Amino acid sequence: MSNLPDPAPVVRLPDGTYTYADHLPTPIQPATGPVPQVVHQHIHQAPPDRTVQRIALGSGIGAGTVAAGVYFGPLLVGALTAIAANLALLAFLATVLVWGVHTVIKSVGGPDGQQAAKAIGKARRGRKGK
């Protein structure tokens, strides 16, 4: 006696090939009760804003380019912000140094220093007008 199950019957298909009956798809049986009611539920949730990615994919560029834009976009914004902060700091330092030098020349130089400070101020105002 063997512990193996009985082999499934072999069936000949309409195209002439043979197959086992246990591999055939089960036919769909009609429902024998009341038909269940279909409930349409709409869940409204705002999707993430992916406008740039949609435009990029719609224009035919690859997913690698979109992924690079998603990855490198914030990095580029961060780098530009850091550069702008550095330039703002340098401009502030330059302003403070110029003000300090101007004040020192005006206070220490006596009448000659005051005259030099006035000449620098006039030259600067004259350049702005042009």
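Predicted model: local features only at pLDDT ≥ 70, side-chain atom pairs only at ≥ 80, totals over all residues.

I began with V104, which is partly exposed at a relative accessible area of 49%. My scale calls a residue buried under 20% relative accessible area, exposed over 50% and partly exposed in between, with a 1.4 Å probe and protein chains only. V104 sits in helix α2.

Residues are numbered from 1 along each chain as its sequence is written, and side-chain values use heavy atoms, with hydrogens and water left out.

Next, the overall layout. I found 3 helices and 2 strands in the protein chain, and the pattern along the sequence reads β-β-α-α-α. Helices (H or I, at least four residues) and strands (E, at least two) are DSSP runs, numbered from the N terminus.

How much of the chain is buried? I got 5% of the 130 residues. The protein chain exposes about 12,100 Å², and carbon and sulfur atoms supply 66% of that; the areas come from the Shrake-Rupley method with a 1.4 Å probe, and for residues only the protein chains shown count as cover.

Then I turned to surface patches. These take residues with over 30% relative accessible area and no salt bridge, joining like charges within 9 Å and nonpolar side chains (Val, Leu, Ile, Met, Phe, Trp, Tyr) within 5 Å. A salt bridge here is a side-chain nitrogen of Lys or Arg within 4 Å of a carboxyl oxygen of Asp or Glu.

Which residues gather in the positive patch? I noted K106, K118, K122, R124 and R125. Helix α3 (residues 110–129) gives the most, with 4 residues. K106 lies in helix α2 (residues 63–108) and is partly exposed at 44%.

The nonpolar patch covers about 890 Å², and its members include L76, F92 and V96. V96 has its place in helix α2 and is partly exposed at 38% relative accessibility.

Last, I searched the whole structure for aromatic pairs and found 1. Y71 and F72 pair edge-to-face, 4.9 Å centre to centre with 85° between the planes. Rings of Phe, Tyr and Trp (its six-membered ring) pair if their centres lie within 6.5 Å; planes under 30 degrees apart count as stacked, over 60 as edge-to-face and the rest as tilted. Y71 is exposed, at 55% relative accessibility.

Key
Lys, Arg positive; Asp, Glu negative; His and termini not counted. Charge placed at Lys NZ, Arg CZ, Asp CG, Glu CD.
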